[in-house]
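Subject: The structure I promised you

Hi,

Here is the structure we talked about, so please open it before reading on. My notes on what turned up follow below.

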Amino acid sequence: MNTIAAIATPHGIGGVAMIRLSGANTVNILSRVFLLTSGKNVKELESHKASFGNIYDGEEKIDEGMVTIFYSPHSYTGETVAEITCHGGDYVTKRVLGACINAGAKLALPGEFTKRALLNGKMSLTQAESVIDIIEAQSKQFLSCSLSQRDGALYKKIKAISKVILDITVQIAAWIDFPEEGLDDFEVTSQLGQITECELQLKLLLESYETGRVLRDGVITAIVGKPNVGKSTIMNLLANEERSIVTDIAGTTRDIVEEYVNIGGIVLRLSDCAGLRDATDEVEELGVKRMLKRIDEADIVLAVFDHSRPLEKDDYLVIEKIKDKNKICIINKIDLKNKLDFTFLATQFNSVIEIEARNPDFRDTLNRRIKKALKLSNLDMSAGFLANERQRQCAVSAEKALSDAIDGINNGITPDATGVMLERALEFLYELSGEKVSDNVIDEVFRRFCVGK
């Protein structure tokens, strides 16, 4: 393989930047671009120890910095790796990278460092996929889950399921191929409990996919209600800034105002929607249509009602539009005299919060309610979960194969037919873990990665 090089830090101006190299020719290339101030040759450096020196492109000194070598196999990629730290800034960083290219390195492709780690047995495919999730994590919960994935949580879980299925298929194969070994009395029904347990584990993993999606992408949260109930005030308090215009004029919010907000480690993709009512003009009507679309997309809906006003036609319209959604009722303006029918709202919502929207103390309560509504309160951060659509599709196919095998056993099919179904399940499990996966799948996984990782 060629020795590759790439900038491993974000573009822009900063204190330092890093250029990473990996491959068999790393040290030779490094010796052409980095001269140690100690007088030593970089080929004499110990592994995992940083040293100071000057960086050259041919005869021209372009910067000074630090270099660290990680000799194979004790490196991220399993190959010999070097990291050059120079001053931050696009120009100098690109000059250092260019010097490495001029000295014989090849520009790395997106995700190529992690891809080499996979191919060199430093990590499984699911562990490699967790790297991009760690980089893109926007919340404490998703970072914790991704770190567990990087430690092999999902891989170990799939490995355990695969081992049970493999053991049963081996017994079936022995029964078919070696009747002289005394396996005539083998009954695949005796393995039904184990197969059923494996199917259950896959079903639980499939349930984890939606949790992973919410943690990764954020909770799509629609704030809805009739005009002037305080939706925009709630939006501004959650965002800690004035993102929505607040007035006493009904219909002020004509379009959807969006903001990402981190509350207690959960990222909410907040949408302050136009007030739901019979629109008075074409612009307001368009805002209402967009609001209805956002309700359909939402993971959770915060329905806001005014403590000081009785329920009206528009309130009942809100309740009707969100009846099938995961929702929380927020009763705002509790500092004012009550004219609201609490009893009716309690029959429509499992979760009701009473607040005064100018007081930010409700944030913690809302956070707890959202976690509970999304089943995040008791989330086990160390458990493996399905983090992307590729993994989900593999799990769906494996679970279907196991389900077919269970139905077949209950209907009296022969052990060899059961074995075929179990082998099919194993194929999908091995594809999920990366033990047996095509080059095309691997290429697609690393297409998401940034250059330099």
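Let's start with helix H3 (residues 112–119), which is mostly covered, with six of its eight residues buried. "Buried" here is under 20% relative accessible area, "exposed" is over 50% and "partly exposed" is in between, using a 1.4 Å probe and protein chains only. Helices are DSSP runs of H or I with at least four residues, strands are runs of E with at least two, and both are numbered from the N terminus.

Before going further, a word on where this comes from: it is a predicted model, where local features need pLDDT of at least 70 and side-chain atom pairs count only at pLDDT 80 or more, while totals for chains, interfaces and linings use all residues. Residues are numbered from 1 along each chain as its sequence is written, and side-chain values use heavy atoms, with hydrogens and water left out.

Back to H3. Which of its residues are buried? They are Glu112, Phe113, Thr114, Arg116, Ala117 and Leu118. The cover over them includes S1, S2, H4 and helix H15 (439–446); contact means heavy atoms within 4.5 Å. After H3 comes Gly121, with a positive phi near 75°.

The whole chain

The protein chain has 15 helices and 13 strands. Of its 453 residues, 49% count as buried. Among contacts with a separation of 6 or more, 68% are between residues 24 or more positions apart.

The sheet

Now look for an open sheet of seven strands, in the order S3-S4-S5-S6-S2-S1-S7 and with mixed pairing. Strand S3 (34–36) and strand S7 (106–107) are at the edges with a single partner strand each, so one side of each has no neighbour in the sheet. Two strands pair if DSSP finds at least two bridges between them. As background, strands of a sheet pair through backbone hydrogen bonds, either parallel or antiparallel.

You can walk through part of the sheet pair by pair:

- Strand S4 (residues 50–57) and strand S5 (residues 60–70) are antiparallel over eight bridges, and Gly53 sits opposite Gly65 in S5. Their hairpin has two residues between the strands, and Gly58 in it has a positive phi near 70°.
- S5 also pairs with strand S6 (residues 81–87), antiparallel over five bridges. Val67 has Ile84 in S6 as its bridge partner, and Ile69 has Ala82.
- S2 and S6 are antiparallel over seven bridges, with Leu21 opposite Ala82 in S6.

Is S6 enclosed or open? Five of its seven residues are buried, so S6 is largely enclosed by the rest of the structure.

Helix H2 (residues 90–102) lies across strand S1 (4–7), S2, S4, S5, S6 and S7, at about 175° to S1. For these angles, axes are lines fitted to C-alpha atoms (for helices, over the stretch in contact), and angles run from 0 to 180 degrees between N-to-C directions.

A pair of helices

Helix H8 (residues 231–239) packs against helix H12 (residues 362–373) at an angle of about 90°, with the axes 11 Å apart. H8 and H12 are therefore roughly perpendicular, a label for 65 to 115 degrees (under 35 is roughly parallel, over 145 roughly antiparallel and the rest oblique). On the H8 side, Ile234, Leu237 and Leu238 meet Phe362, Arg363 and Leu366 of H12.

A few single residues

Gln127 is in helix H4 (residues 125–136) and counts as buried at 13% relative accessibility. Leaving out residues up to four places away in sequence, Gln127 touches Gln149, Arg150, Asp151 and Gly152.

Most residues other than glycine have a negative phi, and most peptide bonds are trans. Here are some to check against that:

- His48, in the loop between S3 and S4, has a positive phi near 65° and is partly exposed at 45% relative accessible area.
- Lys333, in the loop between strand S12 (327–332) and helix H11 (342–348), has a positive phi of about 65° and is partly exposed at 22%.
- The peptide bond from Ser72 to Pro73 is cis, with omega near 0°, and Pro73 is in the loop between S5 and S6.
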